[in-house]
Amino acid sequence: MNITVTDLSVDRGPTTVLDTVSATVAAGEFVGVVGPNGAGKTTLLRTILGALTPASGRVTLDGDRVTELSSRAVSRRLAAVPQRTGIAFEFTVREVVEMGRHPHTPRLGSDPDPDRVDAAMHRTEVTHLADRPIDAVSGGERQRVLLARAIAQDAPGLLLDEPTASLDVNHQVRTLDLVADLAAADRTVVAAIHDLNLAARYCDRLLLLADGDIVARGPPETVLTPAAIETAFGTRAVVRPDPLTDAPVVTAFPDRAAARSATVHLVGGGPLAARAIAVLDDAGFTVTAGIVPTGDTITDTAAALGVETVAAPPFDTPDADTVDAATTLQAAADVTVAVPGPTAATPANIRLIEAADRRVVVETTADTALDAGPARYAPVEALPTAVTAALADAQATPPVG
Amino acid sequence: MRQSRGVAAAWLVGLAALLVVVVLWSATIGAADIGLRGVALVVLDALGLLEYAAPGTHTRVIVLQFRLPRVVLGALVGTALAVAGTVMQGFFRNPLADPSIVGVSAGAAAGAVAFIVAPVAAIPFGLPTAALLGGLLTGFAVYIIATEDGHTPVATLLLAGVAVQTFLGAAVSLMMIRASDGGLRRAIVWLLGNLGASTWTEVQIVAAITVTAVVVLLAFGRDLNVLLLGEADAHALGVEVQRSKQLLLAIASILTGAAVMFVGVIGFVGLVVPHVMRLLVGPDHRLLLPTSALAGGAFLVVADAVARWGAAATPVGVITAFVGAPFFLYLLRRREVYAL
C-alpha cells in the first residue's frame, strides 16, 4: 500500500504545525521521521491516520483520501502504535491486544481469526504477560503490548510513534528488527523515531522534519549530515560510520560560541586528541589544531566543531607552508595542549610544542609519554581546568613539577 | 474476555435468578400477609403457566395491581440507572461519572418542579412528560455547548454538565421557594426519588425504553471497551469516535430520563453498581453491561423493599444514598476507585 502526503498543512490552534509537506512511502519501505521536539512528527502521523483534519493538502492511501474513508476502513489499512495510551480501567494485556481485532470483528459476532492475537503477542514477546492487568506492566512492556495490538490488527500499513522511547537497549533493537521484518514482508511502515542512530540503522529512508517542513529526505547517510542536523536541531554534530553496522552515528555537541574566550592550540592525533578537542570546545574555548596527518580521526570532530586545522600527509616531512600555517595558529593561541602519541612526536610537532608559552600535556600511559619540558599535566577530562590554570600563570613557563 | 465464557454465563444466570428472587420477595412485603409461595403462585397464574385454583381475588389484586407494578418499576429503574452509569463511566473514562453527569437528572428535576409549580393541564402524563423533556433537552443543550468544530472533548462535556447542573439546581431552588406548601412537598418527594403509586402503564413505558436502549448498548460493548483506550486509539482501531459518542450519550441520556421521569431522582445506583460489578467481573463491557443491568435492578428492588419496610414513606432515594455513599467511601479508601 502506498501512503502519499501531498502539500499537507496542519494547524493546531493558531500555530501551523505542518507546512505544505509532501512525501510518498511505498509498500516494503521502512521510513523514519526524525527531527527535534515539536517539529510535527506526531502531528504528521496522526494526520496520516485521519485523526487530525488537515488545513490544506491531502493524505491518500493507495489513492483514496483518508478523510473520505470511514474509521473502520482506515483501521483495516493502517495500524498505529501510539506514544501513549490512556487506560483508565484495568484490562488485561490479552484484552488490549484483542482490541486490535476490532476492525475485523462484526458488531454482533466474534473474531474470525482469533489466533492472530496469540501470534502477535508471541512476536513482541508479551505472551507471559497475557493475564496481567495492563496498568501493572512496565512502560517498555506496555509499548510492546501496543505493538502486538498493531500486529494483531493485520493492516498493510503501520504507523509508529516513538516505538522505542521507553525500551531498554535489548528491546529497542529487537523491536526495530521486528518492525524491519514487517516492512520486509511488504508492509508500509512510517515511524517517528527520536534516536537518530537507531533511525539511521534500521530505516530505509529518513524524513528530517524541522519547523513543520521536511528539510532533508533520503537514505540515512545522505540525510544525517552535520549541516542538515545543524539546520534541523540547531546543534553541531559529528557523523561517523558505525564500525560494526556502517550506519551513520551522530554525536551532537552544544554550541557554546557565546562563551568563547581564550584560544587553545592542540598538537596531537588519534581518538584521545579528538576527545580533547570535544572537551575543550564544550568548555567554551576556541580550539585550533595541527599539524595533523590527513585523514586522522580528529579531522571529522574538528570539522564538525569548526576547529581550524592544519593537516599534512602522514609519514612525510611537512613542507614549509604547512609548518608556517601551524606555527601561526600556535602562536595566536593562549595555551598549547599536547596529546602524546605518534603525531605529537614528529619533529615538526615537537618544535611547535617547545615553542609554546603555556603548555598542558594530556596524561596518558607511560609508553606514549611525551617529554615536553616544563608543563602542566592533566587527564583529558580535566583539560579545561588545567588550561584555565595555565592561563592564570603569569610567566610563560610554568614551574617544574 | 477476562472471565471465561462459563464464568460469564454463571454471572449472568446467577444475577438473573437473584433479580427474580428479590422481585418476588419484595412483593411479599406489605400490610396484607402474603408469603413467597402466594406471590409465586399469583405470578405463575397470571403468566398462564399454571392451572391453579387461583388465590383469592383479594390476594391477586394486592399482588398484581399494587405491589408488583412498584417492584417491577423499581427493577427497571435500577437497571436503567446502572446501565447509564456504566456507559457514562466508560465514556468519560472517569470513575466519578454517573447517569446525571451531563445534566439529564438536573434538567428532569427542573422540568418536574416547574410542572408542579405551574401545571399545564394539556400535557398527557404531565409531570413525567415535563421531567423527560426537561432531562433530554438539558442533555442535548450540554452536548451542543461542549461541541466545537464537530468535536466534543469529554473534559469540556463534563465541565459543561457541572455548570448546567449548578444553574438548574439554583432554578429549582428558586421555584421551590415560590411554590405553595403542597407543591413544595410534592417537589421534595419527587427530588428524593420515590417509587410510590406505580401502575402497569408506567411499567410498560419505562420497560419499552429501557429494554430497547439496553439491547442497543449491548451491541456497542466492544466499542465502549476500545473507547476506554482514548479517542486517538479508538479511531485507529476503527471506531467512529464522534458518532459513537453521540449515540452512547443519547442512549444513556434517554435511559436516565426514562429512569427518573416517573419516580424522581434516585442517586448512587448509577455510580456504585457499575463500580462493584467492574470489581467483580472486570472492565469488559460485553459482560459488564448485562451484569450491571441485572445487579442494578436487584439493588433498587432491595432498597425499595427496605424503604417500604421501615418508617412510613421513606423515599427510596434516601435509602440508596444511605447505603451507596458509605459503600463508595469504602471503595475509595480501598483504592478500588482511582483518583481523577
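## Chain A: overall organisation

In this predicted model, residues 24 or more positions apart account for 61% of those contacts in chain A that have a separation of 6 or more. The secondary structure of chain A consists of 14 helices and 18 strands. Its radius of gyration is 27 Å, well over the 21 Å that the globule rule gives for 401 residues, so chain A is more spread out than a compact globule.

Taken along the principal axes, the box filled by the C-alpha atoms of chain A is roughly 90 × 45 × 40 Å. Of the 401 residues in chain A, 46% are buried.

## Contact between chains A and B

Chain A contributes 25 residues to the contact, and chain B contributes 20 residues. On the side of chain A that touches chain B, the largest share comes from helix H2 (residues 71-77) of chain A, which supplies three residues. By class, this side of chain A comprises 11 nonpolar, nine polar and five charged residues.

## Helix H1 of chain A

Helix H1 of chain A spans residues 41-48, and six of its eight residues are buried, so the helix is largely enclosed by the rest of the structure. The buried residues of H1(A) are A:Lys41, A:Thr43, A:Leu44, A:Leu45, A:Thr47 and A:Ile48. A charged residue, A:Lys41, is thus among those buried in this helix. After H1(A) comes A:Gly50, which has a positive phi near 85 degrees.

## Packing of H10 and H14 in chain A

Helix H10 (residues 270-282) and helix H14 (residues 383-392) of chain A have axes that come within 9 Å and cross at roughly 65 degrees. Angles of 65 to 115 degrees count as roughly perpendicular, and H10(A) and H14(A) are therefore placed in that class. Their crossing is right-handed.

From H10(A), the contact is made by A:Ala276, A:Val279 and A:Leu280; from H14(A), it is made by A:Leu383, A:Pro384 and A:Val387. The contact of H10(A) with H14(A) has six nonpolar residues, with no polar and no charged residues.

## Helix packing in chain B

Two helix pairs of chain B are described here. Helix H4 (residues 104-117) and helix H11 (residues 241-263) of chain B have axes that come within 9 Å and cross at roughly 40 degrees. H4(B) and H11(B) are therefore oblique to each other, and H4(B) passes H11(B) in a right-handed crossing. In this contact, H4(B) provides B:Val104, B:Ser105 and B:Ala108, while H11(B) provides B:Ser253, B:Thr256, B:Gly257, B:Val260 and B:Met261. The residues comprise four nonpolar and four polar, with no charged residue.

Helix H3 (residues 57-92) and helix H12 (residues 269-281) of chain B pack at an angle of about 70 degrees, and their axes are 7 Å apart. H3(B) and H12(B) are therefore roughly perpendicular to each other, and their crossing is right-handed. The residues of H3(B) that make the contact are B:Gly78, B:Leu81, B:Ala82, B:Ala84, B:Gly85, B:Thr86 and B:Gln89; those of H12(B) are B:Val269, B:Gly270, B:Leu271, B:Val273 and B:Pro274. By class, seven residues of the contact of H3(B) with H12(B) are nonpolar, five are polar and none is charged.

## Backbone features of chain A

Most residues other than glycine have a negative phi, and most peptide bonds are trans. In chain A, the peptide bond from A:Gly290 to A:Ile291 is cis, with omega near 0 degrees. A:Ile291 lies in strand E14 (residues 286-293) of chain A.

A:Glu125 is not a glycine, yet its phi is positive, at about 60 degrees. A:Glu125 is located in the loop between helix H4 (115-123) and helix H5 (139-153) of chain A. It has 15 C-beta neighbours inside 10 Å and so counts as partly exposed. A:Asp211, also not a glycine, has a positive phi of about 50 degrees. A:Asp211 is found in the loop between strand E9 (205-210) and strand E10 (213-218) of chain A. With 16 other C-beta atoms within 10 Å, A:Asp211 is partly exposed.

Notes:
Residues are numbered from 1 along each chain as its sequence is written. Chains are lettered from A and ligands numbered from 1 in the order in which they are written. This is a predicted model: local features need pLDDT of at least 70, side-chain atom pairs count only at pLDDT 80 or more; totals for chains, interfaces and linings use all residues. Two residues are in contact if their C-beta atoms, placed from the backbone, lie within 7 Å. Helices (H or I, at least four residues) and strands (E, at least two) are DSSP runs, numbered from the N terminus. Axes are lines fitted to C-alpha atoms, for helices over the stretch in contact, and angles run from 0 to 180 degrees between N-to-C directions. Angles under 35 degrees count as roughly parallel, over 145 as roughly antiparallel, 65 to 115 as roughly perpendicular and the rest as oblique. A crossing is left-handed if the near helix is turned anticlockwise from the far one by less than a right angle, and right-handed if clockwise. The radius of gyration is taken over C-alpha atoms; the globule rule is 2.2 Å times the number of residues to the power 0.38. A residue is buried if 20 or more other C-beta atoms lie within 10 Å of its own, exposed if 12 or fewer, and partly exposed in between; C-beta atoms are placed from the backbone.
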